[in-house]
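Dear colleague,

I am passing on to you the model that we spoke about, with the sequence and the coordinates together.

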Amino acid sequence: SPMTLQEAFHAYMIAQAAVSGLLGTRLYPEIAPTDTPLPYCTYMVPSDVPIYHMTGAAGIANAHIAVDVWAENEPSRTRVAKTLQAALEQWVLSGSISPGIAVRFAGLETQEDSFVAPSDGSERGVYQRTLDLNIWYKSA
């Protein structure tokens, strides 16, 4: 059966050697399991909108995927984010990994860094970067 955009994103990303080399399979929808080792990523699709012409559906949709990178230090955060960004730019060229989803454009729109302070005195804080990915795709 055709994949959702969220499933297609997950399948594509963990199939990329550079991404799995850094994350393994630690790429989770919405929230990660407790005690997941760093670095890891979480993602969600806050918007996914089919485009319409006056004559009806255009057969293409525009979506945003918000990816949060969680890492133990700034260099690790940047390395994971840059690796995801490089893989994202190749998504257009690799339709076979995402059945039912033909990506026409995939790019980084904005990114924002933050530091999540430790919740008690014993643990270290976490470095976070949120990537807003802009995706245009056709559903088969």
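Predicted model: local features only at pLDDT ≥ 70, side-chain atom pairs only at ≥ 80, totals over all residues.

What follows is an account of the chain as a whole, then of its sheet and helices, and then of a few single residues.

Residues are numbered from 1 along each chain as its sequence is written, and side-chain values use heavy atoms, with hydrogens and water left out.

**The chain as a whole**

The secondary structure comes to three helices and five strands, where helices (H or I, at least four residues) and strands (E, at least two) are DSSP runs numbered from the N terminus. Read from the N terminus on, the elements run α-α-β-β-β-α-β-β. Along its principal axes the C-alpha trace spans about 60 × 30 × 25 Å. Of the 140 residues, 36% count as buried, a term that stands for under 20% relative accessible area, with exposed meaning over 50% and partly exposed in between (1.4 Å probe, protein chains only). Among contacts (heavy atoms within 4.5 Å) between residues at least 6 apart in sequence, 60% join residues at least 24 apart.

The five strands form an open sheet in the order 1-2-3-5-4, with mixed pairing, two strands being paired if DSSP finds at least two bridges between them. Strand 1 (27-29) and strand 4 (101-116) stand at the edges, and each has a single partner strand, so one side of each is left without a neighbour in the sheet. Neighbouring strands of this sheet are turned by 25° against each other on average, direction ignored; axes here are lines fitted to C-alpha atoms, for helices over the stretch in contact, and angles run from 0 to 180 degrees between N-to-C directions.

Strand 3 (residues 56-71) and strand 5 (residues 126-139) pair in the antiparallel sense over 11 bridges. Along strand 5, Tyr127 stands opposite Ala71, and Leu131 stands opposite Val67. Strand 4 and strand 5 also run antiparallel, joined by 14 bridges, and Ile101 stands opposite Ser139 in strand 5.

**The helices against the sheet**

Helix 1 (residues 5-15) lies across strand 1, strand 2 (40-53), strand 3, strand 4 and strand 5, and runs at about 135° to strand 2. Which residues of helix 1 are buried? They are Leu5, Ala8, Phe9, Tyr12 and Met13, and they cover an arc of only 120° around the axis, which puts them on the same side of helix 1; the arc is that of the directions from the helix axis to the C-beta atoms. Helix 3 (residues 74-90) lies across strand 2, strand 3, strand 4 and strand 5, running at about 5° to strand 5.

**Single residues**

Thr42, in strand 2, counts as buried at 4% relative accessibility. Its side chain makes a polar contact with the side chain of Trp70 (3.0 Å), where a polar contact is a pair of N or O atoms within 3.5 Å, of which, within protein, one must be able to donate a hydrogen and the other to accept it, and residues adjacent in sequence count only if both atoms are side-chain atoms. Leaving aside neighbours within four places in sequence, the residues in contact with Thr42 include Tyr28, Glu30, Val67 and Trp70.

The loop between strand 1 and strand 2 holds Glu30, Asp35 and Pro39. Most residues other than glycine have a negative phi, and most peptide bonds are trans. Glu30, however, has a positive phi of about 70° and counts as partly exposed at 48% relative accessibility, while Asp35 has a positive phi of about 65° and is exposed, with a relative accessible area of 74%. The peptide bond that joins Leu38 and Pro39 is cis, with omega about -5°.

Glu112, in strand 4, is exposed, with a relative accessible area of 59%. Not counting residues up to four places away in sequence, Glu112 touches Gln128, Arg129 and Thr130.
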